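Me: I've just opened this one and could use a hand finding my way around. Can we go through it bit by bit?

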Protein chains: 2
Amino acid sequence: MARAVKIKKPTIATVAEQAGVAVSTVSRFLNGHYVSATVRERLSAVIADLGYSRSWTARNLSLGLRGSVGVLVDSSDDPWFVQLLLGIEEELVTRDCSLMLSSLELLGRYDATRVLDWVQGHRVDGIIVAKSQRRDRPILRAALDARLPLVAVVPDETATDIPVLQCNNIEAGTIVADHLAGLGHTRIAFAGGPPHSIDSKHRLRGLREGLAAHGIRLDSADVYSCGGWELEAGATFAKELLAQPLTVTAVVLANDALALGFLRVAHERGVMVPREISVVGFDGLPFGALTWPSLTTVAQPMREMGRVACRRLFEGMADPGRIERIQFRMHLIARESSGPAPVIGGARRHLRAVSTETDRAPDEA
Amino acid sequence: MARAVKIKKPTIATVAEQAGVAVSTVSRFLNGHYVSATVRERLSAVIADLGYSRSWTARNLSLGLRGSVGVLVDSSDDPWFVQLLLGIEEELVTRDCSLMLSSLELLGRYDATRVLDWVQGHRVDGIIVAKSQRRDRPILRAALDARLPLVAVVPDETATDIPVLQCNNIEAGTIVADHLAGLGHTRIAFAGGPPHSIDSKHRLRGLREGLAAHGIRLDSADVYSCGGWELEAGATFAKELLAQPLTVTAVVLANDALALGFLRVAHERGVMVPREISVVGFDGLPFGALTWPSLTTVAQPMREMGRVACRRLFEGMADPGRIERIQFRMHLIARESSGPAPVIGGARRHLRAVSTETDRAPDEA
DNA sequence: GTTCGGCCTGAAACCGCTATCATGGCCCTT
DNA sequence: AAGGGCCATGATAGCGGTTTCAGGCCGAAC
């Protein structure tokens, strides 16, 4: 205390010396193993006095750990993964582990070598790949070959050899079906994303089956493809659909971006949503709440998924080889873009929306 | 090659042995120091053969580094910082350094001890605090006391003892002034955020000065305060302003969230934007492009700021004690919410917007 | 009064890599 | 022909922890 100020950071040896015990004793104390009460008190005092904090680098080296998990995100999905990160972080904090972030974009998306180098050499105990797609498969394979625990979140659904977290898109479709049927819609259109997207297919399938349960038939003529996932694709589709007289009272788009594109064009064309047509998307993007009208959507529980991804990763470290598929339920966020089906020819009063404004997702608390 | 498969990961010693050289030679090779051509070839071969990759943990321990920088983000600003992260990452990749992410929220926002623990004990060589506010000051102080290089991005502007990156809000104000003056507006309102926000004040000041340069006076009666930064505050303000007959032809709100709230209410009330009134925000939030009409705004070059923050952090590691304030210019993104000033009483034709759609910010490429 | 067994603690090896210092060739100089 | 430098490499001491193993001390059991 009264000593000359040391410039060097105190190490475990400093503490041991000051307390007059061996380093191993200090180490035991630090790790909560048994030490006598006297020593314990003395050590706490010395440590507090010195402001000592142990080097995780050294600890990890000794233990053969890396002390962090890597999260690879596809940077093109901007705001999508923020909640996911928070969920992961939440879980990590309880494990004295940190979150190493990297984007596939910057590591060189298609170069498995670079990712692997990051992964093996750098210092992660496992990786979580956010929104992997089929084209990322080589990277995943390589990581697996390197015996690196790995979890993919919202992956290309055809992957069978890695643990994946995904949403139940079929159920999501039926949720929309129930919602729209409840509002009295009977003629509904669906617009998918890229031609062979499995997400689209499942959402459509769920929608179709759900509607069927209500005795409503989704006509094949009312199933379209936007050709992509982006807002522009949705806008293009809207222009086509709205160029002709409306034959449907609601349109379901395969994701929120498409739906927002649709809403936008609807506004340009003066088509009233939801009075003339209801619009529903999928994903639960936060800014869907900010448009006018705000977008009814089926949200993915991102934060929860982050938590589970992390937990699953640690399980995978303990018990490698277990490959499973964890499904999450999506939940409806009814906002303003969906409303009662227009009554054909009926004199309808000004009816804005029945939106229940369940705006706040359970995990956004 | 033909040896029995070792379960253990190869280390530098394995490589040395296989190649018949000393570990120090391998180390030199790995670090790009000089070794003879023969040895070099032999080593590359052995390394490739063994699939060796070096342990960054060990390297860092030896070098006394941590090999990563920490980024503390305030989780409440969802999508705001994604571009920032990408900018940081971009810079980090060239330095074989990784990005450790943590949110102030989870580390316990107001508990400097916990952040410090993360910071000292865990393993970062420095930290970047994104969007720090005055209330985070104790954390910054503590980090500084621990001699930990630190950079604050878009900070509370009154901080003087740490390197900060910030936007030139005054200039941003004049940019808006030029834009609106160019569109013929002469009666303009400004709505600030929280009462004492310095950002608000600067933006207002720039606006006022800029307008003055065009011979336009910003009347004090036309300066309002929304009381907060959130969308709802903007909506509330809009309700008040739009309850009375319009006396201004344009309204400038202190950030995008407020402006989006305003737009929303304007739509509800059937007020045409920009035909009846132009609306401008600040920040450049990505989803400002998705609303209808899309929002004219002055954007912060987030990705660039991320890059610079990172570079500055490394400089600070080499040369501690240098405290400076780096300013960034914001740039106008003219979209649909701003248009020519309505001609009072004139018979105007349907004029949608003069938006030049400079939608894509330079750094979004 | 020994011997055995538990409980704490100390000594030292090790985790994988870097850096410093020492060494031994080889070429070049005078 | 001998000495001096330089170059490439080898040996080794850390970096800051953890863990194994051995040993000292004390009470209980024979």
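**Around the DNA**

Me: Which residues come nearest to DNA strand D?
Reply: Of the 27 residues around DNA strand D, Ile12(A), Ser24(A), Ser27(A), Ala22(B) and Ser24(B) come nearest. A residue is near a strand if its C-beta atom, placed from the backbone, lies within 6 Å of it.

Me: And which elements give two or more residues to that surface?
Reply: H2 and H4 of chain A, together with H2 and H4 of chain B. Helices (H or I, at least four residues) and strands (E, at least two) are DSSP runs, numbered from the N terminus.

Me: Before I go on, what am I looking at here?
Reply: A predicted model, where local features need pLDDT of at least 70, side-chain atom pairs count only at pLDDT 80 or more, and totals for chains, interfaces and linings use all residues. Residues are numbered from 1 along each chain as its sequence is written, while chains are lettered from A and ligands numbered from 1 in the order in which they are written.

Me: OK, over to DNA strand C. Which residues come nearest there?
Reply: Ser24(A), Ile12(B), Ser24(B), Ser27(B) and Ala58(B), out of 26 residues around DNA strand C.

Me: Which element gives the largest share of that surface?
Reply: H4(B), with five residues.

**Helix H8 of chain A**

Me: New topic: which residues of H8 in chain A are buried?
Reply: In that helix, residues 137-145, Ile139(A), Leu140(A) and Ala143(A) are buried. Buried means that 20 or more other C-beta atoms lie within 10 Å of the residue's own, with C-beta atoms placed from the backbone.

Me: Why do they line one face?
Reply: Seen down the axis of H8(A), the buried residues fall within an arc of 95°, so they line one face of the helix. The arc is that of the directions from the helix axis to the C-beta atoms.

Me: What follows H8(A)?
Reply: Arg147(A), and its phi is positive, near 60°.

**A sheet in chain B**

Me: What's the strand order in the open sheet of chain B?
Reply: The six strands run E7-E6-E8-E9-E10-E12, with mixed pairing. Two strands pair if DSSP finds at least two bridges between them.

Me: Which strands stand at the edges?
Reply: E7 (223-225) and E12 (331-333) of chain B; each has a single partner strand, so one side of each is left without a neighbour in the sheet.

Me: How many bridges join E6 and E8 of chain B?
Reply: Four, and the two strands pair in the parallel sense. Ala191(B) stands opposite Leu253(B) in E8(B).

Notes. A residue is buried if 20 or more other C-beta atoms lie within 10 Å of its own, exposed if 12 or fewer, and partly exposed in between; C-beta atoms are placed from the backbone.
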